[in-house]
Every structure is written in structure tokens, then in C-alpha cells.
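Reader: I have a structure open and would like to go through parts of it with you. Could we begin once it is on display?

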Amino acid sequence: MPLNRALLLDTLCALELRFPDDALARLDRYADLLAETNRQFNLTAVTEPDEVTIKHFADCLSLFSYVEFPQNASVIDVGTGAGFPGLVLKLVRPDLSVTFLDSTKKKLGFIENVLAAVSLTGETVHARAEEAGQDAQFRERFDFATARAVAALPVLSEYCLPFVKQGGAFLAMKSAAAEEEIDKARGAIHLLGGQVESDFLFDLAKNMPRRIVTVRKISQTPPKYPRPSAKIAKNPLK
Ligand code: SAM
């Protein structure tokens with residue numbers, strides 16, 4: 001049992017968050033499968049139960065403190081890895097329509113297994129964000145794009161904003177040290193049709209400050225974005 005339920009509830013209480021028992025039971029199942037699968041192939045370097053509880057589960061659940069997700073909203077989790085934050089969102093809010101995007105197929109297979117284990121569904125997309133963002137099937141189709149630990153904000157904005165509908169939002173989960181990153185990304189965000197709406201700095205736990213940056217999509221992303229990977233890497237938007 002890798003999830004420390006008491007620690008999770010204490011941390012959520014401090015964030016003024018509560019979730020129903022069935023949602024917590026689904027998170028337990030997810031954590032069990034994460035531990036089991038992580039013994040077969042590398043999904044996460046965080047394995048100690050209290051750390052998994054705080055750094056993965058409570059961290060992702062903290063999104064609910066600062067973001068209102070309307071009923072049935074669509075979310076794409078870009079660079080979802082083992083499902084953070086997208087799978088946590090789906091397990092506590094099954095009404096959300098969550099798409100899981102990652103360039104590593106094995107991780108998406110894990111997400112499919114967890115969804116099946118808790119009898120939920122979600123679309124997995126095996127692609128690079130900069131390719132999927134040019135595909136009409138995904139472009140400007142989502143109410144929210146989320147991302148945690150994928151890239152610095154100027155690059156991440158080019159990956160994520162093309163997926164978001166006008167009026168929707170890109171939610172970047174960042175470390176407390178990202179203030180400079182946010183300033184550096186303002187020009188890129190503007191070019192991509194977004195605007196920084198809020199930047200919440202909070203303590204996830206003792207000595208664990210975190211930020212949630214909300215970027216509102218206020219106009220269409222010009223068709224040339226996202227650019228091919230090599231161009232993004234060579235010349236990140238400023
Ligand atoms: N979001 C998860 C989390 O917070 O635990 C995973 C973070 S992991 C450090 C970064 C993930 O992003 C990896 O699974 C990697 O395959 C994926 N990734 C990185 N660049 C990507 C891109 N351009 N398109 C799609 N996935 C990408």
C-alpha cells in the first residue's frame with residue numbers, strides 16, 4: 001500500500017480540499033499499480049510512500065484548490081508520464097474528459113491499465129506535443145491543457161496553448177522558483193494567443209512551495225505554432 005491515506009488527508013485538509021471515499025479508493029488503486037509497475041519499468045523515481053503521497057498525489061490534487069473545472073470539461077495532459085496530473089484529475093472527477101498525451105508509449109500503456117482497473121475511460125495519444133498540436137483532431141479542442149515537469153514555460157507554452165480553445169486555459173504546475181521563467185515566457189504566451197491570468201504560490205507541505213500558473217487563451221494560436229521540435233529547441237519563443 002504505497003499511499004499514506006492519513007498524510008494525504010492531512011495535506012488536503014490544509015489545502016481545504018475533500019474528496020469522496022470512492023475517489024480516494026481509486027487513488028489507492030492507482031498508487032498500488034504505480035508501485036507494482038515501477039518494479040518492471042521506470043515510471044517514477046519517487047517511490048517512498050510518504051513522498052509519493054505528497055509529491056505526486058497531493059501535488060496534483062492541489063490543482064482543485066485553485067482551478068474550477070466545470071462539469072464534463074475536456075482536459076489534455078501534455079507529457080503526462082505515469083499520469084500526473086491528468087490521471088489524478090480523472091480518478092477524482094470521472095466526469096472530466098481527459099486525454100493523456102506522451103511521447104513514450106509504455107507510460108500510456110500503464111495509464112490504460114489503471115483506467116481499466118477502476119472502470120474508467122480516457123483517450124491516450126502517443127505523440128510529441130508539437131506534432132499533435134498541428135493535428136486538427138486536437139488543435140484548439142480542449143477546455144484545459146495541463147502540464148507538470150515537462151519543459152520550461154516558454155517551450156511548454158508552445159506545446160500546450162495550441163490545444164486550448166479560446167476562453168480555455170493552460171495550467172502549468174511549477175516549482176516556486178519559476179518566477180523568472182514566467183517573466184521570460186510572457187512574450188511567447190502573447191504570440192501564442194494567451195495571457196497570464198494568475199500565478200498562485202502556495203505551500204504544498206513544509207518547505208515545499210509550489211506554483212500553479214493559469215494562462216488564459218484569449219485569441220487563436222497562429223497556424224505556424226507549434227513549430228517542429230528542432231526549431232523549438234534551437235530557437236525557443238521569447
Ligand atoms: N507530467 C509527469 C509528472 O509530472 O510526473 C511526467 C513528467 S516527466 C519528467 C516528462 C514527461 O514528458 C515524459 O513522460 C516525457 O516522455 C514527456 N515529454 C517530454 N517532452 C514531450 C513532448 N514534446 N511531447 C510529448 N511528451 C513529452
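This is a predicted model: local features need pLDDT of at least 70, side-chain atom pairs count only at pLDDT 80 or more; totals for chains, interfaces and linings use all residues.

Reader: What volume does the largest pocket have?

Author: The volume of the largest pocket is about 360 Å³.

Reader: And which residues lie nearest its centre?

Author: Gly 79, Gly 81, Asp 102, Ala 149 and Val 150 lie nearest the centre, out of 23 residues that line the largest pocket.

Reader: Changing topic, where is Thr 44 found?

Author: Thr 44 sits in the loop between α2 (21-38) and α3 (49-61).

Reader: Is Thr 44 buried or exposed?

Author: Thr 44 counts as buried because its relative accessible area is 9%, under the 20% cut-off.

Reader: What does its side chain reach, then?

Author: The side chain of Thr 44 reaches the backbone nitrogen of Val 46 at 3.0 Å. There is also a polar contact of 2.8 Å between the side chains of Thr 44 and His 56. Leaving aside residues up to four places away in sequence, Thr 44 touches Leu 34, Asn 38 and His 56.

Reader: Where does Asn 38 lie, and what does it touch?

Author: Asn 38 lies in helix α2 and is buried, with a relative accessible area of 16%. A polar atom of the Asn 38 side chain is 2.6 Å from the backbone nitrogen of Leu 43. With residues up to four places away in sequence not counted, Asn 38 touches Leu 43, Thr 44 and Thr 47.

Methods: Residues are numbered from 1 along each chain as its sequence is written. Side-chain values use heavy atoms; hydrogens and water are left out. On a 1 Å grid over the protein atoms alone, a cavity is a set of points where a 1.4 Å probe fits but cannot get out, and a pocket is an open set with protein on both sides within 12 Å along at least five of seven lines; lining residues have an atom within 4 Å of a point. Grid points are joined across faces, edges and corners, and a volume is the space filled by probe spheres set on the points. Helices (H or I, at least four residues) and strands (E, at least two) are DSSP runs, numbered from the N terminus. Buried means under 20% relative accessible area, exposed over 50%, partly exposed in between (1.4 Å probe, protein chains only). A polar contact is a pair of N or O atoms within 3.5 Å; within protein, one must be able to donate a hydrogen and the other to accept it, and residues adjacent in sequence count only if both atoms are side-chain atoms. Contact means heavy atoms within 4.5 Å.
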